[in-house]
Amino acid sequence: MTAKLIVTIDTEEEGLWSGKFSGYDNPVENLAGIPAFQAICDRHDIRPTYLVNSPVVSNEQGCAVLDDILRDGRCEIGCHIHPWNTPPEEDDITSERSYLCNLPRELQRAKLTTVTAQIEQRFGIRPTSFRAGRYGLDDDGAAILKELGYTVDSSVCPYMDYSDDGGPDFRGATWRPYFVGEKLLEPAPTRTELVEVPVSFGFNWTNFEAAHRLDEFLAGPRVRRFRVKGILERLGALRKIKFSPEKADSGRLNALADAYTRQAAPCMVMMFHSSSLQPGYSPYVPDPAALDTFLRTIDETFTYCLDTLGMRGATLSEFAAEFAATPVHAGA
């Protein structure tokens, strides 16, 4: 199985970085930046996965940006959800309730059913790929995804802990794709209907598990005050890397790709937000110069992964289908 480069975009409204959770009148002007990014994908023969949420699907102008790309077969449209602006809407959204996983199961089902139907009605396709906003998926949400016919999720962020804000703790999650059983973070012993393809996180070490143990030790209360973790980060001796042009330059992203390749990883998942495709809509791309750097980082990383490491592009659902059909994964 040739390693796949999967490019995912959380395609959503702007204004997410203000700390507020607006349920109404959410603009999606940032989607005007998609054509320039798509041109890079087209040049590299990559079909990105645009994970769209309710404000995008509810905005005709926003959807129009994606129509031609989808019609020409140059992308996949999957599902993304922000609970605070997905019907049935709620009046009082706290940070904790902004995570889908903190809602009652029936409310999770209602919101997931709504946004799935919205996408199907607007684009004429039933989405099969998913990522929860703020990565807030739990066991209940994963079970509902199976009920709704989803075949792949990409909400898990290995080595990350969002519990201080009320979110999930993924520190014990594997970075490799797996079949989801009754528990989201416990790989099933046999093939199931849903494949988890985690967002690619790792370290500039080949042995991620050893690096993670050291990273956790250095972050502990007895050692943290000596700031050893920060020193090692600055020296490049131990770096946790998210496979996102929002978080790292092409040098670090390529280093992570090298580490994945040395471990015979079947895929890498790049992710970022659509609001980073226009200046001033995300903290990662504050101005036009930053946008030029951002797009150049994407281009350089694509070139390295495809031309140097020999990866091939795939959408989330394409990879999941190939993963499920590969006999070696049965019983894994």
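## Close-up views of the predicted model

**View 1. Thr-301 and its contacts.** Setting aside neighbours up to four places away in sequence, Thr-301 is in contact with Phe-243, Ser-250, Leu-253, Asn-254 and Met-270; contact here means heavy atoms within 4.5 Å. This is a predicted model, in which local features need pLDDT of at least 70 and side-chain atom pairs count only at pLDDT 80 or more, while totals for chains, interfaces and linings use all residues. Residues are numbered from 1 along each chain as its sequence is written, and side-chain values use heavy atoms, with hydrogens and water left out. Thr-301 sits in helix α10; helices (H or I, at least four residues) and strands (E, at least two) are DSSP runs, numbered from the N terminus. With a relative accessible area of 1%, Thr-301 is buried. Buried means under 20% relative accessible area, exposed over 50%, and partly exposed in between, using a 1.4 Å probe and protein chains only.

**View 2. The whole protein, to get your bearings.** The protein has 11 helices and 11 strands. Its radius of gyration is 19 Å, close to the 20 Å that the globule rule gives for 332 residues, so the protein is as compact as a globular protein of that length. The radius is taken over C-alpha atoms, and the rule is 2.2 Å times the number of residues to the power 0.38. Along the principal axes, the C-alpha trace spans about 50 × 45 × 40 Å. Of the 332 residues, 53% are buried. Looking at contacts between residues at least 6 apart in sequence, 71% join residues at least 24 apart.

View 3. A nonpolar core is a set of buried Ala, Val, Leu, Ile, Met, Phe, Trp, Tyr and Cys residues joined through side-chain atoms within 4.5 Å. The largest core has 83 residues, and Phe-37, Tyr-50, Phe-130 and Phe-302 touch the most other members. Helix α10 (residues 288-308) gives this core its largest share, eight residues. A second, separate core has 13 residues, among them Ala-188, Val-269, Leu-316 and Ala-320. Back at Tyr-50, contacts beyond four places in sequence include Ile-9, Ile-34, Phe-37, Leu-66 and Ile-69. Cys-75, Glu-76, Ile-77 and Gly-78 are also among the residues that Tyr-50 touches.

**View 4. Ser-200 in a loop.** Look for Ser-200 in the loop between β7 (195-196) and β8 (201-203). This serine is buried, at 2% relative accessible area. Beyond residues up to four places away in sequence, Ser-200 touches Ile-241, Lys-242, Phe-243, Leu-256, Tyr-260, Met-268 and Val-269. Its C-alpha atom is separated by 9.8 Å from that of Ile-6, although these residues are 194 apart along the chain.

View 5. Ser-54 belongs to helix α2 (residues 54-57) and, at 3% relative accessibility, counts as buried. Its contacts, leaving aside neighbours within four places in sequence, are Asn-85, Thr-86, Pro-87, Val-115 and Gln-118. Follow the chain from Pro-87 to Pro-88 and you cross a cis peptide bond, with omega of about -5°. Pro-88 is in the loop between β3 (76-81) and α4 (105-123).

**View 6. Pro-158 and its surroundings.** Pro-158 is found in the loop between β5 (152-153) and β6 (178-179). A relative accessible area of 0% makes Pro-158 a buried residue. Apart from neighbours within four places in sequence, Pro-158 is in contact with Phe-170, Ala-173, Thr-174, Trp-175, Pro-198, Val-199 and Phe-201. Between the C-alpha atoms of Pro-158 and Arg-176, 18 residues apart along the chain, the separation is 9.1 Å.

View 7. Arg-227 is not a glycine, yet its phi is positive, about 60°. Arg-227 is in the loop between α7 (221-224) and α8 (228-235), where it counts as exposed at 66% relative accessibility. Ala-264, also not a glycine, has a positive phi of about 55°. This alanine lies in the loop between α9 (250-262) and β10 (267-273) and is exposed, with 59% relative accessibility.
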